[in-house]
Amino acid sequence: MKTTTHRYVVGDSFKSWSMDDETVDLVVTSPPYPMIEMWDDIWSPESTTITRLIEKNQGKEAYEQMHQILDQAWTEAFRVLKPGGYVCINIGDATRSLDGRFQIYPNHSRIIQACQKIGFDFLPSIIWRKPTNAPNKYMGSGMLPAGAYVTLEHEHILIMRKGEKRAFAKAEKENRSESALFWEERNSWYSDLWTGILGTQQKLNISSLRKRSAAYPIELPYRLMMMYSVAGDVVVDPFGGIGTTSLAAMVTGRNSISVDVDEKLVDSSIKVPTKRDSKDKLNMLITNRLKDHMTYVNTKDMLFFRYRNQPLGIPVKTMQEKHLSLYPIKSLSRSEEVVTAKYRKLKTTEVKDCLKS
Ligand SMILES: C[S@@+](CC[C@H](N)C(=O)[O-])C[C@H]1O[C@@H](n2cnc3c(N)ncnc32)[C@H](O)[C@@H]1O
């Protein structure tokens, strides 16, 4: 039976990481965003430099100092990644007025520059469009030119690789084929613009923690894992928050390590997978995959699908999808700081019931 493990660690990812060199296949993360006020205190708890710079309205200098701290995480990501491994970074730019002077701090471009210097190859990346209806989305002088600013309704998902494309040994080919995407998933996910994934407004119900978790929606790490790793790989999130990346790893059959500096957040996130309804909620993402595919099949002429997927007995467009397999979670158990997920392979005979569920 397939098994994955998910480790939850309290740690400071601005310092050296606990993982050995070249032991990780994928890093998926969303760090604290420099120049976003809610994160001002976390950059240098022991030093007052950044606080002082902000107080003196020296925004560009504070922004650079924050990134120098964050750069250490990208250096560690490069070290722990195997050759051919990817780092996927969800980051938003920050708008801020200091001393009445409004500007945008382009976090995404500063991270690209740092990662290129470290040695990563920057690859075609994704704009995550997250529209908002908030009344304050229009910034500046309203209807009067020329002091209004365009809305900021997107974030970036930066994709970078350590070295050349990953090579798969013969023995890994079956697993890679089972990890394939459906044709229509490929068409929609490998696009530079992701729409329709709403941001999360997760409130934390733990009074001693900050008010908002700043979590991203599970669809983000879920897609990124399906696109940039295969089942059984090791995925690390150095800024794990409430553990969304690990939940996505459970669904996709990857192993994970989730690190966060906030002990209480780590304590509460490790309890989530073994909550009563968690397994069913996670499995819904797997069955929805099947449902969405069959909905797509029904929109097309049958001649469009030239192949039959063997494990599930359903029509597929390409030969690469022939062995694509779905592994619902059978059980989730916890022992101290590790969650173990066990899986079973979905069979042709179960597809009908699955589509009805
Ligand atoms: C944008 S949030 C990530 C949220 C996460 N993607 C999720 O879905 O819950 C950034 C996280 O980084 C954590 N963090 C801040 N400084 C850190 C550090 N030095 N080392 C590790 N984690 C840190 C914060 O506690 C916060 O949970």
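Trainee: How do α2 and α3 lie to each other, parallel or oblique?
Mentor: They are oblique to each other. This is a predicted model, by the way.

Trainee: What angle is there between them, and how far apart are the axes?
Mentor: Helix α2 covers residues 59-80, and helix α3 covers residues 107-118. They pack at an angle of about 45°. Their axes are 10 Å apart.

Trainee: Why give an angle and a distance?
Mentor: Because two packed helices are described by the angle between their axes and the distance between the axes.

Trainee: Is the crossing of α2 and α3 left-handed or right-handed?
Mentor: Right-handed.

Trainee: Which residues meet there?
Mentor: From α2, look at H67, D71, W74, T75 and F78. From α3, look at R110, A114, C115 and I118.

Trainee: How do those residues divide by class?
Mentor: The contact of α2 with α3 has 5 nonpolar, 2 polar and 2 charged residues.

Trainee: Next pair. How do α7 and α9 pack?
Mentor: At an angle of about 55°, with their axes 9 Å apart. Helix α7 is residues 244-252, and helix α9 is residues 278-298.

Trainee: Why do α7 and α9 count as oblique?
Mentor: Angles of 65 to 115 degrees count as roughly perpendicular, and those under 35 as roughly parallel. The angle here is about 55°, so α7 and α9 are oblique to each other.

Trainee: Which way does α7 pass α9?
Mentor: In a right-handed crossing.

Trainee: What about α6 and α7?
Mentor: Their axes come within 8 Å and cross at roughly 50°. So α6 and α7 are oblique to each other. The crossing is right-handed.

Trainee: Switching topic to the ligand. How many residues surround the ligand?
Mentor: There are 21. The closest are S13, A215, F239, G241 and T244.

Trainee: What is the make-up of that shell?
Mentor: It divides into 13 nonpolar, 5 polar and 3 charged residues.

Trainee: Now D233. Where is D233?
Mentor: D233 is in the loop between α6 and β11. In residue numbers, α6 is 219-228 and β11 is 234-237.

Trainee: Buried or exposed?
Mentor: D233 is buried, because it has 23 C-beta neighbours inside 10 Å. The cut-off for buried is 20 or more.

Trainee: What does D233 touch?
Mentor: D25, L26, R254 and N255, leaving out residues up to four places away in sequence.

Trainee: How far is D233 from S13?
Mentor: Their C-alpha atoms are separated by 21 Å. Along the chain, D233 and S13 are 220 residues apart.

Trainee: And A148, where is that?
Mentor: A148 is in strand β8, residues 148-149. A148 is partly exposed, with 13 other C-beta atoms within 10 Å.

Trainee: Which residues does A148 touch?
Mentor: Y138, M139, G140, S141 and G142, not counting residues up to four places away in sequence. Take Y138: it is 10 residues from A148 along the chain, and their C-alpha atoms are separated by 7.6 Å.

Trainee: Which residues does the cis peptide bond join?
Mentor: P145 and A146, with omega about 5°. A146 is in the loop between β7 and β8.

Trainee: What is the phi of M35?
Mentor: Near 75°, a positive value in a residue other than glycine. M35 is in the loop between β2 and α1. M35 counts as buried, with 23 C-beta neighbours inside 10 Å.

Trainee: And what is the phi of N57?
Mentor: About 60°, positive although N57 is not a glycine. N57 is in the loop between α1 and α2. N57 has 13 C-beta neighbours inside 10 Å, so N57 counts as partly exposed.

Note on methods: Residues are numbered from 1 along each chain as its sequence is written. This is a predicted model: local features need pLDDT of at least 70, side-chain atom pairs count only at pLDDT 80 or more; totals for chains, interfaces and linings use all residues. A residue is near a molecule or strand if its C-beta atom, placed from the backbone, lies within 6 Å of it. Ala, Val, Leu, Ile, Met, Phe, Trp, Tyr, Cys and Pro count as nonpolar, Asp, Glu, Lys and Arg as charged, and the others, Gly among them, as polar. Axes are lines fitted to C-alpha atoms, for helices over the stretch in contact, and angles run from 0 to 180 degrees between N-to-C directions. Helices (H or I, at least four residues) and strands (E, at least two) are DSSP runs, numbered from the N terminus. Angles under 35 degrees count as roughly parallel, over 145 as roughly antiparallel, 65 to 115 as roughly perpendicular and the rest as oblique. A crossing is left-handed if the near helix is turned anticlockwise from the far one by less than a right angle, and right-handed if clockwise. A residue is buried if 20 or more other C-beta atoms lie within 10 Å of its own, exposed if 12 or fewer, and partly exposed in between; C-beta atoms are placed from the backbone. Two residues are in contact if their C-beta atoms, placed from the backbone, lie within 7 Å.
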